Amino acid sequence: MAGSIFRKKSIDKILADVASGYSDGEAHAGHLKKELNVRDLTLMGIAAVVGAGIFSTIGEASFHGGPGVSLLFVITAITCGFSALCYAEFASRIPVSGSAYTYAYASFGELVAWIIGWDLLMEYAIGNIAVAISWSEYFVNLLEGFNIHMPAYLTMDYFSAFRGHEHLQALTASGHLADITDRMRAEALAWTTAPGFNNIKLIANIPALVIVILITYLVYIGIRETKKATNAMVYLKIGIVLAVIVIGFFYVTPANWHPFLPNGFSGVMKGVSGVFFAYIGFDAISTTAEECKNPQRDLPRGMIYSLIICTVLYILIALVLTGMVSYKELQVGDPLAFVFKRVGLNNISYVISISAVIATASVLLIFQLGQPRIWMSMSRDGLLPKAFSRIHPKYNTPSFSTIVTGFVVAIPALFMNLTEVTDLTSIGTLFAFVLVCGGVLLLPREASKKGRFQIPYVNSKWIVPVLFVTGIIFFWQPILDLFSATNAHENFPLFLFIILSAILTVLAFIKNLSLIPVLGLLSCFYLMTQLGYTNWMRFLIWLVIGLVIYFTYSNKHSLLGKQTA
């Protein structure tokens, strides 16, 4: 049994399957259209990364970390950089759809591939839901700027409205009227004005539903149309972001950058989930491998170029935001528009609101493009029903998977709250990055080939042990405190990190492991430990559900399993 669940799909077989074309047994065998070049891939990466993060979650991260949040973008970019290099090597060796799922199938085997595929489905779905909700907020604010008012109960989720109503009543009863925020008033208004009976009320986020339907339709009808729409939106939003940076620097007050780390390094790290949520987009690029004209050359370049460009933009935006106003004022949903209103530039804030609507729509577009290709790849291998791998005869897109993705995102977006989903998306993405970095370590080292990207080999034999020992020396007291802390069981992610670090240190010394994948694996796992016990529990529950499905359906229907039986 153990051997069967860890059976690996060789790289040669993966490439041969794609070359021969797939069939779901119900529709024709087909190939996806090869439409994308390195510019398109770079713009797709920027489209996915410069979106909800730069227009919303950066405010919350700046509130906790102060101006020092710019350091968090550097840390996150380095972490993502290690992972991007690992993705790039996999994409160069295995230029097919499926992203980390396909890479895990070739390196770890079927069970781990299923786990990462199941994880990616959660990551993309919840990420899309979060972006749809964020888009809805910007769109409603934009309408307000034109004096178009939607009923409040059609612009938010049920739980937020109920919670706002309860908080407003409690603060009013206790006389703490100064603590009532505009957001709370809007939520309470949605509750009191919503049609219904007692606590059964019609409250739903209609704009989020509509944008998901429109984006899903665009993805459904073809990669060429998706590419054109993405490129146009990216050029526009990069222009606006650059304008914001240039204009904003004229209104920077350097005194706002002091203290640089008002809440210490721990305050900076509180923004990990929001910042990392902004960076997950480059993963989506790898799902388009079969639609690239030259995937071995262009995928690695697109990933790395987009990561560099986005990191520079994020650092500059963080410095502008925290320089224009005090970090204490940035706990708002639309920080860019807010800071320009604070300095009296209301017209620019309207332009930012328009660009935010476009930017978040482009993020949703890339995420909706990526998820169906994960469904499709898992279905091709028999781990999901055959219908998920169906290719549309006219549009050459994974049609059934795209429709399912639309439903999976649109319906929860009607009723879910933004804060409930971003942390779970980040932990899922980091887990994918951990496995991709680990998978590269398991790949046989190849001689360099023309046109293929390969991670530069640096021997970690002495470097990793030195880093491990140095870390133990500098942090021995906090490590000991983990055991004596209240609710010490909630520190189990950090215990896992210490154990993993020790194991990798030994393996690096014995097996001369490549340094970059090791650093990528450790840095991503460390960021996972910063996402809290509750999120780990939710994540583990999701994985358990996935394992139940694997052992009751996928293991029995695996094509590789049938071929090796």
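Reader: How many helices and strands does the protein contain?

Author: In this predicted model, the protein has 24 helices and 2 strands.

Reader: What radius of gyration would a compact globule with 565 residues have, and what does the protein have?

Author: For 565 residues a compact globule would come out near 24 Å, and the protein has 24 Å, so the two agree. Taken along the principal axes, the C-alpha atoms fill a box of roughly 70 × 60 × 45 Å. Among contacts between residues at least 6 apart in sequence, 83% join residues that are at least 24 apart.

Reader: Which share of the residues counts as buried, and what supplies the exposed area?

Author: Of the 565 residues, 57% count as buried, while the protein exposes about 22,900 Å², of which carbon and sulfur atoms supply 68%.

Reader: How should I read the nonpolar core, and which residues touch the most other members?

Author: The general idea is that in soluble globular proteins nonpolar side chains tend to be buried together. Here the largest nonpolar core has 143 residues, and those touching the most other members are Y87, Y101, W114, I116, I317 and M528. Helix α7, residues 110–145, gives the most to this core, with 19 residues. A second, separate core has 8 residues, among them A152, Y153, A190 and W191.

Reader: Which residues is W114 in contact with, once its neighbours within four places in sequence are left aside?

Author: With those neighbours left aside, W114 is in contact with Y101, M378, L383, L384, G546, L547, I549, Y550 and S554.

Reader: Which residues of helix α16 are buried, and what follows α16?

Author: In helix α16, residues 335–342, the buried residues are P335, L336, A337, V339 and F340. The helix is followed by G344, whose phi is positive, near 90 degrees.

Reader: Where do nonpolar side chains form a patch on the surface?

Author: The patch consists of V246, I247, F250 and Y251, which together have about 410 Å² of accessible area. Within this group, F250 is found in the loop between α11 (223–249) and α12 (264–269), and with a relative accessibility of 72% it counts as exposed.

Reader: How should I read the salt bridges, and how many are there?

Author: In general, side chains of opposite charge can pair when their charged atoms come close. The count in this model comes to 6 salt bridges. One of them joins the side chains of D381 and K9, with 2.5 Å from N to O. D381 lies in the loop between α17 (346–380) and α18 (399–415), and K9 in the loop between α1 (2–5) and α2 (11–20), so this pair ties together parts that are 372 residues apart in sequence.

Reader: Are D381 and K9 buried or exposed?

Author: D381 is buried, with a relative accessible area of 8%, and K9 is buried as well, with a relative accessible area of 6%.

Reader: Which peptide bond is cis, and which residues other than glycine have a positive phi?

Author: As background, most residues other than glycine have a negative phi, and most peptide bonds are trans. In this model a cis peptide bond joins H258 and P259, with omega about -5 degrees, and P259 has its place in the loop between α11 and α12. N147 has a positive phi near 60 degrees; N147 is located in the loop between α7 and α8 (158–174) and is exposed, with a relative accessible area of 63%. N512, which is not a glycine either, has a positive phi of about 55 degrees. N512 lies in the loop between α21 (492–511) and α22 (515–529), and is partly exposed, with a relative accessible area of 27%.

Terms used: Residues are numbered from 1 along each chain as its sequence is written. This is a predicted model: local features need pLDDT of at least 70, side-chain atom pairs count only at pLDDT 80 or more; totals for chains, interfaces and linings use all residues. Side-chain values use heavy atoms; hydrogens and water are left out. A nonpolar core is a set of buried Ala, Val, Leu, Ile, Met, Phe, Trp, Tyr and Cys residues joined through side-chain atoms within 4.5 Å. Buried means under 20% relative accessible area, exposed over 50%, partly exposed in between (1.4 Å probe, protein chains only). Helices (H or I, at least four residues) and strands (E, at least two) are DSSP runs, numbered from the N terminus. Contact means heavy atoms within 4.5 Å. Patches are made of residues with over 30% relative accessible area and no salt bridge: like charges are joined within 9 Å, nonpolar side chains (Val, Leu, Ile, Met, Phe, Trp, Tyr) within 5 Å. Accessible areas come from the Shrake-Rupley method with a 1.4 Å probe; for residues, only the protein chains shown count as cover. A salt bridge is a side-chain nitrogen of Lys or Arg within 4 Å of a carboxyl oxygen of Asp or Glu. The radius of gyration is taken over C-alpha atoms; the globule rule is 2.2 Å times the number of residues to the power 0.38.
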